[in-house]
Amino acid sequence: MDMTNMANMADTKDMRDITNITNMTDMRDMADMRNMAEMGDMAEMTDMRDMEVELIRLEKSPEGVFGILRVQGSVHGLTLEPPDKGNRPNISCIPAGKYICKSRLSRRFGQTFEVADVPDRSDILFHSGNVAEDSRGCILLGKGLGQFGEKKGIVHSKNAVQDFLQALGKLNTFSLSVTEPSLL
C-alpha cells in the first residue's frame, strides 16, 4: 500500500498535517515552540522524558520504512528507516515500542540524539540522508518525499534535522514512541 492510500485512511487532522509538512507551508506550531525556547521559557526542559515525540510508520517497502515524526502532537516532518529485517544491526529499522533518546555528539553527524536501549542494538541516531541506504539502522529526517533515480526517499533532510534539534531546544533526553498503525 502506498503513502497516499495510507494517508487517506488516516484521520482528517493527520492528513492535513501530512499535507502541510510535505508542502512545507505550515510550521507555525514548531516556530512558536522554537521562539519560546529562544526566549528562555523552556530552559527548564533540559531533561524532559515526558516530552512527547512520536514516530508513526505509514509504509513498509523494500525501499524502506516511511513515516511521520510528531513533536508534542504536531507533525514535524517525515522519517525514513531501513526496511524491517528483524532488528538486525546496521540493516534494519528498530522494533516498534517506547524508547528514551539521549543527546549525543556524533563525529559524523554532529549534535543529535541517540535512541537508547534498543534490544541488541546501539548507535541508533537521528540524522540526515535521502534514501534508506544512507542509514545503518538509524532514523533519517526529511521535509518531503522525493525520487532519487529509481529509489523513493526524503528531501530537505539537513533542514529537517536542524529544525528537529531546534524544536527540542536544550533537552538532553526525551521519550520516543514508535508505532505501526494497523494500516500496514
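Reader: What should I know about the numbering and the model before we start?
Author: This is a predicted model in which residues are numbered from 1 along each chain as its sequence is written, local features need pLDDT of at least 70, side-chain atom pairs count only at pLDDT 80 or more, and totals for chains, interfaces and linings use all residues. Side-chain values use heavy atoms, with hydrogens and water left out.

Reader: How many helices and strands are there in the protein chain?
Author: The protein chain has 4 helices and 10 strands; these are DSSP runs numbered from the N terminus, with helices (H or I) of at least four residues and strands (E) of at least two. Along the sequence the pattern reads α-α-α-β-β-β-β-β-β-β-β-β-α-β.

Reader: And which strands close into a barrel, in what order?
Author: The barrel is closed by 8 strands in the order 1-2-3-7-6-5-4-10, with mixed pairing. From one strand to the next, the twist averages 30°. Two strands pair if DSSP finds at least two bridges between them.

Reader: How do strand 5 and strand 6 pair?
Author: Strand 5 (residues 110-115) and strand 6 (residues 124-127) are antiparallel, paired over 2 bridges. V115 stands opposite I124 in strand 6.

Reader: What about strand 8 and strand 9?
Author: They form a hairpin with 2 residues between them, and G149 in the turn has a positive phi of about 65°. Strand 8 (residues 144-148) and strand 9 (residues 151-155) run antiparallel and are joined by 5 bridges. L145 stands opposite I154 in strand 9.

Reader: Which strands does helix 4 lie across?
Author: Helix 4 (residues 157-168) lies across strand 1 (52-61), strand 2 (64-71), strand 3 (74-81), strand 5, strand 6, strand 7 (139-142) and strand 10 (173-179). Helix 4 runs at about 100° to strand 7; axes are lines fitted to C-alpha atoms, for helices over the stretch in contact (heavy atoms within 4.5 Å), and angles run from 0 to 180 degrees between N-to-C directions.

Reader: Switching to S106: is that residue buried or exposed?
Author: S106 is buried, because its relative accessible area is 8% and buried means under 20%, exposed over 50% and partly exposed in between (1.4 Å probe, protein chains only). S106 belongs to strand 4 (residues 97-106).

Reader: What does S106 touch?
Author: Leaving aside residues up to four places away in sequence, S106 touches T112 and L125.

Reader: Which residues other than glycine have a positive phi?
Author: Q72 is one of them, with phi of about 50°, and D117 is another, with phi near 60°. Q72 is in the loop between strand 2 and strand 3, whereas D117 is in the loop between strand 5 and strand 6.

Reader: How accessible is Q72, and how accessible is D117?
Author: Q72 counts as partly exposed at 40% relative accessibility. D117 counts as exposed at 67%.

Reader: Last one: what share of the protein chain is buried?
Author: Buried residues make up 48% of the 184 residues.
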